[in-house]
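Hi everyone, thanks for coming. Let me put the structure up, and then we'll look at one helix pair and a few salt bridges.

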Amino acid sequence: MNRLSLALSLLLAGSAEAFFSPMRKSSTSALAAVSKKDTYSVTLLPGDGIGPEITAATKVALDSLTKKFGFEIELKEALIGGAAIDAKNDPFPQESLDQCLASDSVLLACIGGYKWDNNPRELRPESGLLKMRKEMGLFANLRPAKVLSQLIEASTLKREIVEGVDVMVVRELTGDVYFGTPKGIDVIDGQRVGYNNMIYSESEIDRIARVAGDVASKRGGKLCSVDKANVLDVSQLWRDVVTKVITDDFPDVELSHMYVDNAAMQLIRWPKQFDTIVCGNIFGDILSDEASMLVGSLGMLPSASIGESGPGVFEPCHGSAPDIAGEDKANPLAMILSAAMMLKYDLDRPAEAQMLEEAVEAVLDQGLRTPDIKQEGDGCKLVGCKEMGQAVADTVAGMTEN
């Protein structure tokens with residue numbers, strides 16, 4: 001079984017008590033990139049903006065966890081994004097790539113910021129992220145959007161709309177208009193013309209469709225494929241290939257198709273109609289952020305980017321929030337939960353991952369809230385990034401091993 005089978009586990013809702021509890025696996029799980037051992041090598045990419053702050057909070061939580069269970073995670077930092085541009089004039093230097101590939105797993109915070117917005121394309125933080133995904137073969141991104149009872153009032157939508165929402169967005173990550181060629185800005189007939197190529201091969205669509213089929217078959221059995229087949233030839237191919245894969249190899253999965261503009265509307269109008277959504281790179285970029293906001297804050301949601309082999313990259317769904325960088329206002333829980341996913345699927349430490357997830361839910365039960373999830377009159381305590389990270393660490397330290 002290869003790393004694609006990770007998708008089989010990221011999908012299940014699991015117990016009602018766990019914050020993000022996909023299917024549990026034994027210590028011999030073939031889903032893990034490495035076998036269970038006493039010491040792991042993990043590349044840490046703090047990135048930009050609030051990245052260093054949420055990274056520091058996550059390290060505190062992980063340190064508490066590793067001490068409790070008696071193993072080590074050697075965290076070695078590397079550069080990506082704006083920090084790498086400033087230091088190396090490269091948004092993802094070769095040494096960072098080499099270190100990631102040599103690691104057991106990769107934990108990424110966030111990249112980007114206003115400072116680099118006017119740089120040439122090749123010297124923007126986002127170019128480093130795209131390079132990492134391409135060079136590491138991370139073609140499948142899985143983003144859960146599950147509404148928690150503790151935070152239901154934090155959603156901008158009415159309770160009856162979001163209560164019970166549990167959506168998984170499966171996004172293709174290394175094709176589409178972000179990577180297609182030719183692309184550029186040329187001068188034609190005396191004026192500048194910008195162009196990109198929205199392109200997919202059958203094999204690229206086939207492999208992401210199989211991941212989505214696996215996901216849907218282990219969740220609610222419903223898969224919605226999103227495209228724009230009424231106007232785009234590439235979307236017609238997408239629809240044809242997805243239909244064949246699911247019809248032939250996942251007969252128990254109920255497949256539907258939806259145009260991307262309608263999908264964007266339906267996610268707000270009635271999100272509970274969706275179980276698993278599969279889409280191309282650019283549509284998935286937009287819809288996964290929209291779906292994530294159903295829960296009230298991007299600061300709560302982890303994600304995983306995986307390939308067929310090698311280490312995965314685990315990261316929070318949110319951006320670098322440069323407007324609050326350095327103010328101790330960031331929410332570190334999404335990155336802590338991303339670390340839990342890493343423990344489960346790359347490091348073969350499911351029990352430790354579960355404890356970290358349960359610790360996150362416990363601090364929410366204690367009424368601790370960072371500014372992004374604090375509601376006026378909710379009776380909860382407003383805390384900063386450092387205090388939230390320490391609270392998770394303290395909770396872990398006080399928990400009993402199963």
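Let's start with helix α2 (residues 51-69) and helix α13 (residues 385-398), whose axes come within 8 Å and cross at roughly 10°. Axes here are lines fitted to C-alpha atoms, for helices over the stretch in contact, with angles from 0 to 180 degrees between N-to-C directions. Helices are DSSP runs of H or I with at least four residues, strands are E runs of at least two, and both are numbered from the N terminus. So α2 and α13 are roughly parallel to each other, a label for angles under 35 degrees. Among the residues that meet are I54 and L65 in α2, and V392 and V396 in α13; contact means heavy atoms within 4.5 Å.

A quick word on the source: this is a predicted model, with local features needing pLDDT of at least 70, side-chain atom pairs counting only at pLDDT 80 or more, and totals for chains, interfaces and linings using all residues. Residues are numbered from 1 along each chain as its sequence is written, and side-chain values use heavy atoms, leaving out hydrogens and water.

Now, how many salt bridges does a search of the whole structure find? The total is 22, each one a side-chain nitrogen of Lys or Arg within 4 Å of a carboxyl oxygen of Asp or Glu.

D285 lies in helix α10 (residues 281-292) and R171 in strand β5, so the pair ties together parts 114 residues apart in sequence. R171 is buried, at 2% relative accessible area, while D285 is partly exposed at 25%; buried means under 20%, exposed over 50%, and partly exposed in between, using a 1.4 Å probe and protein chains only.

How values were computed: Angles under 35 degrees count as roughly parallel, over 145 as roughly antiparallel, 65 to 115 as roughly perpendicular and the rest as oblique.
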